[in-house]
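Colleague: Could you walk me through how to read a model like this one?

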Amino acid sequence: MSIERTFGIVKPDAVGKSAIGAVIALIEKSGLRIVALRHTQLSDAQAEGFYAVHKARPFFKDLVAFMTSGPCVLMALEGENAISRYRELMGATDSKKAVAGTIRAAYGTDIERNAVHGSDGPDSARIELGFFFTGCDLLGSA
Ligand code: ADP
Ligand code: MG
């Protein structure tokens with residue numbers, strides 16, 4: 001077991017449903033600790049940079065439009081095996097296929113509007129946390 005940090009977003013669809021509190025409640029109930037939190041609206045450049053790995057995908061333009069369509073909440077989460085535990089709590093990318101009890105089943109709509117983001121591994125967690133947070137934003141880091 002190892003203490004990890006991962007990066008999460010409450011996406012604009014969930015924020016638009018006034019589900020920030022509900023999503024955070026599920027995260028906290030799962031035992032993950034929130035070590036940084038920011039409510040913001042992404043610029044085109046920020047969304048494009050964050051999702052650069054998907055640049056060649058056919059859904060990239062729509063994804064950037066969705067992610068900049070309203071405010072979102074950026075989070076750093078910490079706990080034992082936080083990366084995989086948070087991926088499990090989020091559920092499948094396609095909200096329609098997400099298992100009951102997951103965040104995406106409860107608050108997502110489809111494969112694009114799926115309520116939350118979570119890093120998919122240690123490398124992406126490090127890159128994504130560094131994209132939006134500096135050390136002094138993270139509790140216990142500086
Ligand atoms: P995840 O968020 O589960 O890690 P991906 O990294 O594959 O999923 O995709 C990033 C985001 O792009 C998804 O969360 C979703 O919002 C969007 N997306 C993924 N696949 C599609 C698709 N086929 N059509 C539209 N949007 C998609
Ligand atoms: Mg991903």
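Modeller: Gladly. The accessible surface of the chain comes to about 7,300 Å², and carbon and sulfur atoms account for 54% of that; areas come from the Shrake-Rupley method with a 1.4 Å probe, and for residues only the protein chains shown count as cover. This is a predicted model: local features need pLDDT of at least 70, side-chain atom pairs count only at pLDDT 80 or more, and totals for chains, interfaces and linings use all residues. Residues are numbered from 1 along each chain as its sequence is written, chains are lettered from A and ligands numbered from 1 in the order in which they are written, and side-chain values use heavy atoms, leaving out hydrogens and water.

Colleague: What pattern does the chain follow along the sequence?

Modeller: Helices (H or I, at least four residues) and strands (E, at least two) are DSSP runs, numbered from the N terminus. Here the order is β-α-α-β-α-α-β-α-α-β-α, with 7 helices and 4 strands.

Colleague: Which residues of helix α5 are buried?

Modeller: Start with the general idea: an α-helix has 3.6 residues a turn, so residues three or four places apart point the same way. Buried means under 20% relative accessible area, exposed over 50%, partly exposed in between (1.4 Å probe, protein chains only). In α5 (residues 82-90), the buried ones are A82, I83, Y86, L89 and M90. They cover an arc of only 130° around the axis, taken from the directions from the helix axis to the C-beta atoms, which puts them on the same side of α5.

Colleague: What covers them?

Modeller: The cover, with contact meaning heavy atoms within 4.5 Å, includes β1 (3-10), β3 (72-80) and α7 (122-132). After α5 comes G91, with a positive phi near 90°.
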